[in-house]
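Here's a quick briefing to read alongside the model. Have the sequence and the 3D view open as you go.

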Amino acid sequence: MADIFLLEDDRILNRGISIALQKDGHRVTAAYGFLDALKQYGKQKYDLFLLDINLPDGNGLAFCRKVRETSE
């Protein structure tokens with residue numbers, strides 16, 4: 001079982017991916033935008049990040065850079 005961070009601004013797609021991953025036994029933290037992701041990211045450690053690149057309030061690659069700066 002993995003802890004997965006999902007960043008996807010399309011709420012329907014986000015929910016569908018989350019449900020599929022949870023059915024496989026994974027724990028999912030879902031974020032819907034860049035700022036939302038920054039708020040939620042520091043709460044725990046994650047095994048996998050699934051990131052949307054084009055977000056209305058930022059960029060998935062910029063979020064990836066933030067994660068890399070603060071993770072092991």
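Helices (H or I, at least four residues) and strands (E, at least two) are DSSP runs, numbered from the N terminus. This is a predicted model, where local features need pLDDT of at least 70 and side-chain atom pairs count only at pLDDT 80 or more, while totals for chains, interfaces and linings use all residues. Residues are numbered from 1 along each chain as its sequence is written, and side-chain values use heavy atoms, with hydrogens and water left out.

- Asp 52 sits in the loop between β3 (48-51) and β4 (54-55).
- Asp 52 is buried but has no salt bridge, and its nearest side chain of opposite charge, Arg 11, is 12 Å away. Buried means under 20% relative accessible area, exposed means over 50%, and partly exposed is in between (1.4 Å probe, protein chains only). For charge, Lys and Arg count as positive and Asp and Glu as negative; His and the chain ends are not counted. A salt bridge needs a side-chain nitrogen of Lys or Arg within 4 Å of a carboxyl oxygen of Asp or Glu.
- A polar atom of the Asp 52 side chain lies 3.3 Å from the backbone nitrogen of Asn 54.
- Not counting residues up to four places away in sequence, Asp 52 touches Leu 7, Glu 8, Asp 9 and Gly 60 (contact means heavy atoms within 4.5 Å).

**Asp 9, across from that loop's residues**

- Asp 9 is in the loop between β1 and α1 (11-23), and its relative accessibility of 29% makes it partly exposed.
- Beyond its neighbours within four places in sequence, Asp 9 is in contact with Tyr 32, Asp 52, Asn 54, Leu 55 and Pro 56.
- Asp 9 and Ile 53 are 44 residues apart in sequence, with their C-alpha atoms 9.7 Å apart in space.

**The one salt bridge**

- What does the structure hold by way of salt bridges? There is one.
- Asp 3 and Arg 27 are the partners, with their side chains meeting at 2.5 Å, N to O. This pair links distant parts of the chain: Asp 3 is in strand β1 and Arg 27 in strand β2 (residues 27-31), 24 residues apart.
- Asp 3 counts as buried because its relative accessibility is 13%, whereas Arg 27, at 42%, counts as partly exposed.

**Aromatic rings**

- The structure holds seven aromatic pairs. Rings of Phe, Tyr and Trp (its six-membered ring) pair if their centres lie within 6.5 Å; planes under 30 degrees apart are stacked, over 60 edge-to-face, and the rest tilted.
- Phe 5 and Phe 49 have ring centres 5.6 Å apart and planes at 40 degrees, so they make a tilted pair. The two link distant parts of the chain, with Phe 5 in strand β1 (residues 3-7) and Phe 49 in strand β3, 44 residues apart.
- Phe 5 is buried, at 0% relative accessible area, while Phe 49 is partly exposed at 25%.
- Tyr 46 and Phe 49 pair edge-to-face, at 5.7 Å centre to centre and 65 degrees between the planes. Tyr 46 is buried, at 13% relative accessible area.
- Which residues do ring pairs link into a cluster? They are Phe 5, Tyr 41, Tyr 46, Phe 49 and Phe 63.
- Leaving aside neighbours within four places in sequence, Phe 49 is in contact with Phe 5, Tyr 41, Phe 63 and Val 67.

Definitions and conventions: Polar contact = N/O pair within 3.5 Å; in protein donor to acceptor, adjacent residues only side chain to side chain.
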